[in-house]
Amino acid sequence: GQSERPGGQAINPTNALWGVPQPMIDNVGTQAPNSAVAAIDPDFQPASEWKFSLGATYELDAGMIGLGFLGDGYRFDLDYLRGVTNNAATIVNTGLVRIGTSPDGSPLYKRADRSDPDCLNPATAPTGACAARTADDLLLTNAGEGGETNVYSIALSNGIEDWGIDWSVAYAHIDAKDTRSMTSSVAGSNFGSIAVSDINNPDQSKTNFLIPNRFTTNISWENEWFEDFTTRVSLFGEHYQSRPYSYTFAGGGTVDTFGDNNEGLHLLYVPTGPTDPNVIFCGAPGVTSPLCNTSATNTTQLVFQTQAFFDWADSVGLERGAQTGRNEFEGGWNNKFDLKLEQEFPTGFGKGTAFVVVENLGNLLNDEWGVLYETPFPQRVGVVEIDRNAATNQFVYRRLATPNIDDPVDGVSFWTVKVGATWGF
C-alpha cells in the first residue's frame, strides 16, 4: 500500500508508477554531494524589452517622374525597428575560479569545490588545498550587458488590376546582438551554446539567431473562372543569408586547456606565424613534448600541418596574432519558393476553399535546389586541437581539424505538399 513521509510526500516502495520509489530516496540520501547543480539566482529578474518603430509610406505615380509607361499605384514602405533588452538572462558556472591568463588573453580557470572550506574565498581558492570540482555549478542570472536589435526594411508593391495580379519586392537588414544566445532548454546546453573568449563573461556580439540579409518577393493572381468563386495562385520567394558562425578550437588533447573543460567553445587564436612565442607547434624542428603524443597510451608524436593552417587562415582573411570574433563570419546565401493554389467552391451553406500548398517548390522540381546550407548548430567551426604547456604558458597546437562550414539543414531542405479545405457557414 501507499504511505506518506512527513509533510505528505508519497512513498512507493515497489515501483515507479506513482510516488517516489523508496530505493531512489535512499540512494540520494546516502550519496556524496558531487552532482551537477542548476540553480536560479535569488535576485534574478525576468527580461523585458523596449521596442521603438518608425515607418513611412509613399504612393508614387510613375508619370510624376517621367516614367509614365510604368503606370501608377506604386507604394513604397520604409520601416525601422529598434529593440533593447533589459535584464537579459545568462548562465554562469559559479564553481569556476580565475587563476591566470592564457596566451591569447583569455582567462584561465580552476573548477573549485565550494563545499571545501579552502575554496570559499575566491582570493585564495586558486592556491593551497582547494579541491577540484568534477561537476558544474550552473546559475541562471542576469547578464551585465543586454541585447539590442536594429531592423531596416524597404518594400515596393503594385498590381495590375485588369489582370488580377498583385506583386511586391522587399529587402530587410538585421543587426542583432546579445551576450549569451540561450539557444536551448536546459542550463548545460545554454551554457555551452556559444563561442567565447571568457566562458563566464561573454561579450556582446552577433546573436546565434541572426539572419542578416533577406530579399523577398511575392506575386499573386486571382480570377473568377466560375462566377462568385475565386481562383487564386500565389508564389512567395526569398533569397537570404544563413546565420553567422565562429572559428573556435576543436577540443583538447590530454589537459584541460582553459580549466573549464570546454576547449571547443573557445575562439580560435591565430598565431603571428610559425615562430609565434605563444604557440608550440607539434612536429616543428626541436619540438618533443608529451602533449604532442597521439594519446595518453601512445607516445607517437603528432605533426601539426603548420603551413596548411596558415594558408587556410590567410585564404579566409583571419588576422594573425589575434583571436577571432564570435559570429564574426557571414553565412552563405539560400533560396526558397513556396506556391499556394486556392479554389473557392459552393457548399450549400456558404463558401468553401480547397487549397494545395507546395513548400520549397524548387526542391520538388530539382533535388539540388532549395537546399538550406548552414554551419551546424551552434554555429561553431572547430579548427585546431590544442593543449597548454602550463610551465611556459604556451598553447600546444596538436593537429589540424577539417573545418565544416556548411551542412544541409534537415527538415527545411525538402519539399512538402499540403492539401486541405476550409469552409464557413
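Let's start with glutamate 374, which counts as buried because its relative accessible area is 10%, and the cut-off for buried is under 20%. Keep in mind as you look around that this is a predicted model.

**Around glutamate 374**

- You'll find glutamate 374 in strand 22, which covers residues 373–374.
- Its side chain has a partner: a polar contact of 3.1 Å links the side chain of glutamate 374 to that of arginine 243.
- Leaving out residues up to four places away in sequence, glutamate 374 touches Ser242, Arg243, Gln379, Ile405, Asp406, Asp407 and Val409.

- Which form does the peptide bond from phenylalanine 377 to proline 378 take, cis or trans? It's cis, with omega near 0 degrees.
- Glutamine 379 has a phi near 60 degrees, which is a positive value in a residue that isn't glycine.
- For background, most residues other than glycine have a negative phi, and most peptide bonds are trans.
- Is glutamine 379 buried or exposed? With a relative accessibility of 1%, glutamine 379 is buried, since buried means under 20%.

**The largest nonpolar core**

- As a general rule, nonpolar side chains in soluble globular proteins tend to be buried together.
- Here, the largest nonpolar core has 23 residues, and the members touching the most others are Tyr247, Phe249, Leu268, Phe309, Val384 and Tyr397.
- Which elements give two or more residues to this core? They are strand 16 (246–252), strand 17 (269–270), strand 18 (279–281), helix 3 (306–315), strand 23 (380–389) and strand 24 (394–400).
- A separate core of nine residues lies apart from that one, and includes Leu96, Phe191, Ile199 and Leu265.
- Back in the largest core, take a look at tyrosine 397. Beyond residues up to four places away in sequence, tyrosine 397 touches Phe249, Tyr269, Pro271, Val279, Ile280, Phe281, Cys282, Phe304, Val384, Glu385 and Ile386.

**Histidine 266**

- Histidine 266 is in the loop between strand 16 and strand 17.
- It's buried, because its relative accessible area is 1% and buried means under 20%.
- The side chain of histidine 266 makes a polar contact, at 2.8 Å, with the side chain of aspartate 260.
- Setting aside neighbours within four places in sequence, histidine 266 is in contact with Val196, Ser197, Thr248, Phe249, Phe258 and Asp260. Phe249 is also one of the core residues that touch the most other members.

**The largest pocket**

- How big is the volume of the largest pocket? It comes to about 170 Å³.
- Of its 15 lining residues, Thr85, Gly147, Glu148, Lys177 and Asp178 are the closest to the centre.
- Strand 11 (148–160) and strand 12 (165–178) are the elements that give two or more residues to the lining, and strand 12 gives the most, with three.
- By type, the lining splits into four nonpolar, six polar and five charged residues.

**Two tryptophans**

- Tryptophan 167 lies in strand 12, the strand that also gives the most to the pocket lining.
- At 25% relative accessibility, tryptophan 167 counts as partly exposed.
- Tryptophan 167 contacts Tyr74, Leu156, Ser157, Asn158, Gly159, Asn218 and Ile219, leaving aside neighbours within four places in sequence.
- Tryptophan 167 and leucine 108 are 59 residues apart along the chain, and their C-alpha atoms are separated by 57 Å.
- Tryptophan 415 is in the loop between strand 25 (407–408) and strand 26 (416–423), and is partly exposed, with a relative accessibility of 41%.
- C-alpha to C-alpha, tryptophan 415 is 54 Å from threonine 30, which is 385 residues away in sequence.
- Apart from neighbours within four places in sequence, tryptophan 415 is in contact with Glu359, Asn360, Asn363 and Leu364.

**Asparagine 360**

- Asparagine 360, one of the contacts of tryptophan 415, is in the loop between strand 21 (351–359) and helix 4 (361–365).
- Asparagine 360 isn't a glycine, yet has a positive phi of about 60 degrees.
- At 0% relative accessibility, asparagine 360 counts as buried.

Notes:
Residues are numbered from 1 along each chain as its sequence is written. This is a predicted model: local features need pLDDT of at least 70, side-chain atom pairs count only at pLDDT 80 or more; totals for chains, interfaces and linings use all residues. Side-chain values use heavy atoms; hydrogens and water are left out. A nonpolar core is a set of buried Ala, Val, Leu, Ile, Met, Phe, Trp, Tyr and Cys residues joined through side-chain atoms within 4.5 Å. Buried means under 20% relative accessible area, exposed over 50%, partly exposed in between (1.4 Å probe, protein chains only). Helices (H or I, at least four residues) and strands (E, at least two) are DSSP runs, numbered from the N terminus. Contact means heavy atoms within 4.5 Å. On a 1 Å grid over the protein atoms alone, a cavity is a set of points where a 1.4 Å probe fits but cannot get out, and a pocket is an open set with protein on both sides within 12 Å along at least five of seven lines; lining residues have an atom within 4 Å of a point. Grid points are joined across faces, edges and corners, and a volume is the space filled by probe spheres set on the points. Ala, Val, Leu, Ile, Met, Phe, Trp, Tyr, Cys and Pro count as nonpolar, Asp, Glu, Lys and Arg as charged, and the others, Gly among them, as polar. A polar contact is a pair of N or O atoms within 3.5 Å; within protein, one must be able to donate a hydrogen and the other to accept it, and residues adjacent in sequence count only if both atoms are side-chain atoms.
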